[in-house]
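Q: I'm new to this one. Can we go through it together?

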Amino acid sequence: MGEAIGQSLPLAIGVALSPLPIIAVVVLLTSSRARFLGPVFVLGWLLGLVVVGAIVLGVVGPNGAGSTGPRTRWVSWVLIVVGVLLLVAAVRRLRGRTRRGEQAPLPAWMGAIDRLKPAGVLGGGVVAGGVRPKSLLLAVGGAAAIAQTGIAGGQQAIAYAVFAVIATIGVAAPVVIYFAMGKRSVELLGRLKGWMRRNDAVIVAVVLLVIGVTLIGDGIGGLAS
């Protein structure tokens with residue numbers, strides 16, 4: 001199980017370092033319902049990751065990646081395809097980056113997220129964690145990397161649970177800071193939001209580039225063996 005956690009760890013970190021969801025949480029924490037909406041978004045994020053992991057692990061099966069035959073090759077090809085898609089996303093992100101010192105424009109939905117009802121915030125967390133393309137690709141890659149080790153189903157579930165918890169650190173950190181510091185956290189969270197907006201493209205591109213290359217290498221290694 002240690003091998004499965006180790007192979008999925010870089011992808012979990014990639015999910016955790018996604019700037020836009022972290023900015024969304026910071027926006028929620030500046031609203032009048034911060035104490036409630038912040039944790040609700042984090043819960044939705046975690047739920048989205050869990051659903052994706054359950055589907056991928058259920059399709060691959062507990063023994064598919066560790067045994068010989070076409071299933072092993074199928075998982076390797078999944079890793080390669082996900083890796084290539086991540087490289088494409090990294091290049092597109094760099095080409096669309098803002099000029100030095102400028103802040104990246106926020107999506108239109110970000111301006112209204114703090115006015116959503118709890119169910120809407122929960123759904124937004126699910127979409128951000130399990131449906132948004134970059135998170136989806138990384139979550140699929142993480143689950144496939146775990147399945148490729150061929151460990152038992154229960155151990156795969158535990159390994160993916162560790163993956164999901166690590167992947168949630170990014171969106172959960174502002175909430176922890178808010179509850180620990182109270183009103184004193186406003187300035188710190190504001191600086192975090194500004195820094196992530198200014199460096200959004202570079203952060204995402206570097207993470208996707210490193211993880212994409214890693215997945216392609218793992219996939220090729222699986223095919224060669």
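The chat below covers a surface patch and the aromatic pairs.

A: This is a predicted model, where local features need pLDDT of at least 70, side-chain atom pairs count only at pLDDT 80 or more, and totals for chains, interfaces and linings use all residues. Residues are numbered from 1 along each chain as its sequence is written, and side-chain values use heavy atoms, with hydrogens and water left out.

Q: Which residues make the nonpolar surface patch?
A: Leu47, Val51, Ile55, Val59 and Trp74 make a patch of about 470 Å². Patch residues have over 30% relative accessible area and no salt bridge, and nonpolar side chains are joined within 5 Å. A salt bridge is a side-chain nitrogen of Lys or Arg within 4 Å of a carboxyl oxygen of Asp or Glu.

Q: Which helix gives the most to it?
A: Helix H3 (residues 34-60), with 4 residues. Helices are DSSP runs of H or I, at least four residues, numbered from the N terminus.

Q: And where does Trp74 lie?
A: In helix H4 (residues 70-95). Trp74 has 43% relative accessibility, so it counts as partly exposed (buried is under 20%, exposed over 50%, partly exposed in between, with a 1.4 Å probe and protein chains only).

Q: New topic: how many aromatic pairs are there?
A: The whole structure has 2. Rings of Phe, Tyr and Trp (its six-membered ring) pair if their centres lie within 6.5 Å; planes under 30 degrees apart are stacked, over 60 edge-to-face, the rest tilted.

Q: Why is the pair of Tyr160 and Phe163 called stacked?
A: Because their planes are at 25 degrees, with ring centres 5.0 Å apart. Both residues lie in helix H7 (residues 153-167), and both are buried.

Q: What about Tyr178 and Phe179?
A: They form an edge-to-face pair, 5.5 Å centre to centre with 90 degrees between the planes. Tyr178 counts as buried at 16% relative accessibility, while Phe179, at 40%, counts as partly exposed.

Key
Patch = residues over 30% accessible without salt bridge, like charges linked within 9 Å, V, L, I, M, F, W, Y side chains within 5 Å. Areas by Shrake-Rupley, 256 points an atom, 1.4 Å probe, with all protein chains shown as cover. Helix = DSSP H or I, 4+ residues; strand = E, 2+ residues; numbered from the N terminus.
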